[in-house]
Amino acid sequence: MSAATATGNLNYRAVFISDVHLGMRNSQAPALLDFLKYVECEALYLVGDIVDFWKVRRGPHWPQSHNDVLQKLLRKARKGTRVVFIPGNHDDGLRDYTGMNFGGVELRRDAIHEGANGKRYLVLHGDEFDVVVRYARWLAFLGDRSYDAALALNVPLNFARRMLGLGHWSLSAFLKLKVKSAVNYIGEFEDALAAEARRREAEGLICGHIHHANERMIDGIHYLNCGDWVESCTAIGERFDGHFEIIRWREQLGQRASQATSGRWLIEAA
């Protein structure tokens, strides 16, 4: 991973996060707060679905940690981090305000990020290239409810796995990657976005939307997906040498918890 700062934080040239879904019960806001505490960057791109207005309209789940995330983002902007917010389909009402600046946060429909490697990266949420969202919004809402159900089942399944000494496992992610139609959908989505980057004369593409962190080359286009902060707790980081990487923060939290547990056992044994 990138070099640590003098304070032990991780330092990046730019960081990209998406699909936090504040207002949703399964949003991993505490994990994101931890991430924002330890990760420093010159530019922070919020690549859509940061607030889930679909859930807010149905009755939000809004604990203090969700407020804390928003306050932390605004604080970073005040302290000199360039913060760019590109709304997604779950916070699409904010697209009416693109081009404006709120509390130091730039609202943009999409953006071009100039990488340290000299390449141009098109940054957008990606829902514009999802035919379900564009042409069958009712089906998108149905899929959203099904996703909620799969996430709810994750809770008892992972409780049982912890009792057996097993690690975290996601039913919804498993279904997404095992169902043939879902695999085809992800591939078609990625190809469509790569084609759009090529049309916009960009060498790379950074997006979110499908909750599937990934990095690969597609016909010469460097494709990167931020993943999400509902299950995977992932982001994209650009180092100062121009190298991009997937930051898997759930693994960082797991390692830290394991080290703390090992330390406690050593103290008790002494």
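**Salt bridges and a surface patch**

Okay, let's start with a pair: K55 and D52 are both buried, where buried means under 20% relative accessible area, exposed over 50%, and partly exposed in between, with a 1.4 Å probe and protein chains only. These two form a salt bridge, with their closest N and O atoms 3.9 Å apart. The rule for that is a side-chain nitrogen of Lys or Arg within 4 Å of a carboxyl oxygen of Asp or Glu.

Quick note: this is a predicted model, where local features need pLDDT of at least 70, side-chain atom pairs count only at pLDDT 80 or more, and totals for chains, interfaces and linings use all residues. Residues are numbered from 1 along each chain as its sequence is written, and side-chain values use heavy atoms, leaving out hydrogens and water.

Another one joins K76 and E40, at 3.9 Å from N to O. This pair links distant parts of the chain: K76 sits in helix α3 (residues 64-78) and E40 in strand β2 (residues 39-46), 36 residues apart. Helices (H or I, at least four residues) and strands (E, at least two) are DSSP runs, numbered from the N terminus. K76 counts as buried because its relative accessibility is 8%, whereas E40, at 32%, is partly exposed.

Then there's E245 with R239, 2.8 Å between the closest N and O atoms. E245 is buried at 10% relative accessibility, and R239 is partly exposed at 24%. Elsewhere, salt bridges with shared partners join D110, E196, R199 and R200 into one network.

That's my tour, thanks!
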